[in-house]
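Student: I have just opened this structure and would like a friendly tour. Could you help me read it piece by piece?

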Amino acid sequence: MRLKHLTLVAALLSMAGVASAQDLLIRNATVHTASTRGTLQATDVLVKDGRIAAVGKNLVAGNVQIIDAQGKPLTPTLFGGITDIGVEEVSGESATVDETLALGANAADMQVRPEFDVTLAYNPESVLVPVARVEGIGWTMLGAGTSAGGSIIGGQGGVVRLDGSLDAIGPRVLFVTLGGDGANLTGSSRAAQWMLLDQLIDEVRGRIPLDSKFALLTPAGRSTLATYLGGGGRVLVRIQRAADIARLLRWANQRNVRIALVGATEGWKVAPQIAAADVPVFVDALADLPADFDEIGATLENAARLNAAGVRVSFSQTGDASHNARKIRQLAGNAVANGLPWAAGLAGLTSIPASSLGVGAQMGSIAIGQRADLVLWTGDPLDVANVAMQVWMDGRAIPMRSRQTELRDRYLHPDNGLPRAYPNDAH
């Protein structure tokens with residue numbers, strides 16, 4: 001068995017250097033489709049022109065490269081959560097951080113600019129891209145943050161694939177921060193947030209003139225915000241407290257705003273209302289202690305309780321999500337350990353975020369016509385003891401290297417021709 005495993009690894013390593021291999025057949029995999037077909041044992045996946053052409057048994061390959069998966073799990077590439085990958089290099093160095101807009105002099109001088117689009121700063125050559133990708137992360141949502149001098153409306157973000165592409169795909173989404181996290185931007189009161197949101201809608205509707213001294217939006221801002229009203233684009237709202245979530249659901253219904261929740265630490269308390277509104281939720285499944293007074297009801301069972309009520313649950317980290325995107329699997333795995341069904345855990349990293357963010361027609365499942373963005377794993381992908389053996393993007397084998405793996409190899413193998421990491425007499 002170990003010899004077979006090593007043979008498969010060697011084949012994958014040699015294949016990773018063939019950048020043009022967009023046609024291939026992966027045989028005998030445990031295919032977790034992340035679709036209504038569920039998990040298929042001893043199944044083949046045929047890729048043609050970078051797309052999935054067939055999923056079944058004993059497929060005819062033709063003249064394409066064949067990989068014997070030896071029964072190992074095959075999944076779509078995983079969602080990395082809402083991150084700053086490619087728009088943040090070193091979090092402590094402001095010159096490398098692009099996700100927030102702060103045009104105002106201080107928190108009292110609020111600048112509302114929903115037209116701000118963080119994806120225009122995305123750098124596909126960021127060292128964080130291969131670091132995440134070798135761990136099976138194939139795509140992420142770039143989030144627009146809030147800070148003093150900005151507003152509770154952070155701006156727009158979008159989905160980027162970690163394949164070296166420059167541009168985001170799919171529709172833009174608008175990021176809003178409410179509750180205690182945004183109170184410092186609204187006169188130190190969460191009550192003022194609803195007043196300001198309604199004023200912004202009044203401006204979009206023309207009820208407040210552009211030249212009014214009270215106007216907060218530019219003409220471009222009015223035009224941008226209008227696309228998110230009346231059931232338009234998705235608005236991702238960072239919010240935690242149950243009472244605030246209930247109020248947001250009512251506000252969004254009255255104004256026909258299509259929302260999703262980010263965080264929702266106390267979401268389980270209002271899970272039936274969230275499900276009835278058909279609102280997806282991006283939770284941090286490791287949030288088990290109150291970080292502040294908005295999260296008194298934190299529990300590791302949040303994801304399981306939301307799912308049991310019929311809520312579509314995905315995942316996103318609240319910590320250093322960009323540099324540690326690999327931990328998204330740990331979030332899903334812990335949610336499963338605390339009652340979330342395994343299939344729902346995988347869907348929360350694949351099909352649910354894809355459909356919620358408007359890219360479900362392209363990615364998020366193993367189905368005919370989807371992009372061949374795939375990962376072959378050593379074992380259960382929701383168990384962090386297992387790793388990605390090979391990642392394919394549009395059917396191309398991705399080199400399983402990153403700055404971190406190269407540093408590892410330099411330290412572990414002093415005879416690899418690289419300068420020594422330590423002098424010979426170091427201990």
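**A first tour**

Student: Which residues of helix 5 are buried?

Tutor: Helices here are DSSP runs (H or I, at least four residues) and strands are E runs of at least two, numbered from the N terminus. Buried means under 20% relative accessible area, exposed over 50%, and partly exposed in between (1.4 Å probe, protein chains only). In helix 5, the buried residues are Ala242, Asp244, Ile245, Leu248, Leu249, Trp251 and Ala252.

Student: Good to know! What kind of model is this, and how are residues numbered?

Tutor: This is a predicted model, in which local features need pLDDT of at least 70 and side-chain atom pairs count only at pLDDT 80 or more, while totals for chains, interfaces and linings use all residues. Side-chain values use heavy atoms, leaving out hydrogens and water, and residues are numbered along each chain as its sequence is written, from 1.

Student: What covers the buried residues of helix 5?

Tutor: Helix 5 spans residues 242-255. Contact means heavy atoms within 4.5 Å. The cover includes helix 3 (191-204), strand 10, strand 11 (259-263) and helix 6 (271-276).

Student: Which residues have the most contacts inside the largest nonpolar core?

Tutor: A nonpolar core is a set of buried Ala, Val, Leu, Ile, Met, Phe, Trp, Tyr and Cys residues joined through side-chain atoms within 4.5 Å. The largest one has 94 residues. Those with the most contacts inside it are Leu178, Leu248, Ile259, Leu261, Ile274, Phe315 and Leu357.

Student: Is Leu166 buried or exposed?

Tutor: Leu166 is found in the loop between strand 8 (153-161) and strand 9. Leaving aside residues up to four places away in sequence, Leu166 touches Tyr122 and Pro124. Because its relative accessibility is 54%, Leu166 counts as exposed.

Student: Which residue's backbone oxygen lies 2.9 Å from a polar atom of the Gln390 side chain?

Tutor: Gln390 is found in strand 15 (residues 388-393). With a relative accessible area of 0%, Gln390 is buried. The backbone oxygen that lies 2.9 Å from a polar atom of its side chain belongs to Ile398.

Key. Polar contact = N/O pair within 3.5 Å; in protein donor to acceptor, adjacent residues only side chain to side chain. Expected span 1.5 Å × (residues − 1).
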